Amino acid sequence: MYQHYSFDLWLTLIKSNPYFKIERTKIFHRDFNPMGKSIDEVAKAFRQVDLMCNAVNESTGKNIDADEMYLMVISLINDNQLSLSDIDTGKLYLNMEKLLFYYMPLVYSPVTISTLQHLKDKTGSTFSLLSNTGFIKGATLRKVLVELKMNNYFDFQLYSDEVGMSKPNPALFNLMLQNIKQVNAGKDILLSDIIHIGDNPKADVEGARAAGIKSLLINSNNQSILALLS
């Protein structure tokens, strides 16, 4: 058992509602598509921007914000020929957030909550979230966790868009370690007492290893969160 458990969020504890992406694509196909691209081409633009920004964020350790990502999608749909200056990114994001809450993200698996609860009850350890963000901002994810009744498990939450750094940036893991010390004031927490759990070999496992803490890869391999109980 560990004295502190750090978790990634997306594809570790929660996953997208598939209807959210479907409806989001329909909205962009309808509202930002004067060139008449197909629905599949619009969906492809979202996938391309998502993959590209994830790769850039992991490589640079910085963060490309949601507003920028949505503008990239619109530009890509229009072959970079559409002026972006008239797009109200604030209104656009609020509409996307409203859509997200209509098609709420899902808890990743049936054992996710019970595993968190078991660890909380049996270990008395502190918990935190360390998550890279993309099309969904950290401020929105905080509200999602309240709706999913998961927020109370975590002593603090760190999101890449809020701190301007992305995993596996060592500075982001160091910020996490500073927060761990604060929520464990008076305790002697060693690096060997901390574990970070996530689905991404580079962002989560390599990032944790570079920070000198333990790591556990789940969901993207043949291992689930239940491995924490073994």
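I began with the rule for strand pairing: two strands pair if DSSP finds at least two bridges between them. I also noted that helices (H or I, at least four residues) and strands (E, at least two) are DSSP runs, numbered from the N terminus. The model is predicted, so to speak of local features I need pLDDT of at least 70, and side-chain atom pairs count only at pLDDT 80 or more, while totals for chains, interfaces and linings use all residues. Residues are numbered from 1 along each chain as its sequence is written, and side-chain values use heavy atoms, with hydrogens and water left out.

**Entry: the sheet**

I looked up the strand order and found an open sheet of five strands, E5-E4-E1-E6-E7, with parallel pairing. Strand E5 (156-159) and strand E7 (214-217) are the edge strands, each pairing on one side only. From one strand to the next the twist averages 20°, where axes are lines fitted to C-alpha atoms, for helices over the stretch in contact, and angles run from 0 to 180 degrees between N-to-C directions. Strand E1 (residues 4-7) runs parallel to strand E6 (residues 194-198), and four bridges join them; Phe 7 stands opposite Ile 197 in E6.

**Entry: helices across the sheet**

Helix H8 (residues 170-183) lies across E1, strand E4 (126-131), E5 and E6, and runs at about 165° to E5. Helix H9 (residues 201-211) lies across E6 and E7, at about 155° to E7.

**Entry: aromatic rings**

I found 12 aromatic pairs in the structure. The ring centres of Tyr 2 and Tyr 5 are 5.9 Å apart with planes at 85°, so this pair is edge-to-face. Rings of Phe, Tyr and Trp (its six-membered ring) pair if their centres lie within 6.5 Å, and planes under 30 degrees apart count as stacked, over 60 as edge-to-face and the rest as tilted. Tyr 2 is partly exposed at 25% relative accessible area, whereas Tyr 5, at 1%, counts as buried (buried means under 20%, exposed over 50%, partly exposed in between, with a 1.4 Å probe and protein chains only). Tyr 2 and Tyr 5 form one aromatic cluster with Phe 7, Phe 127 and Phe 154.

**Entry: charges over rings**

Last, I looked for charges over rings, which requires NZ of Lys or CZ of Arg within 6 Å of the ring centre and within 35 degrees of the ring normal. The charged end of Arg 24 sits over the ring of Phe 135, 4.8 Å from its centre, and Lys 137 lies over the face of Tyr 93, at 4.4 Å from the ring centre.

Note on methods:
Contact means heavy atoms within 4.5 Å.
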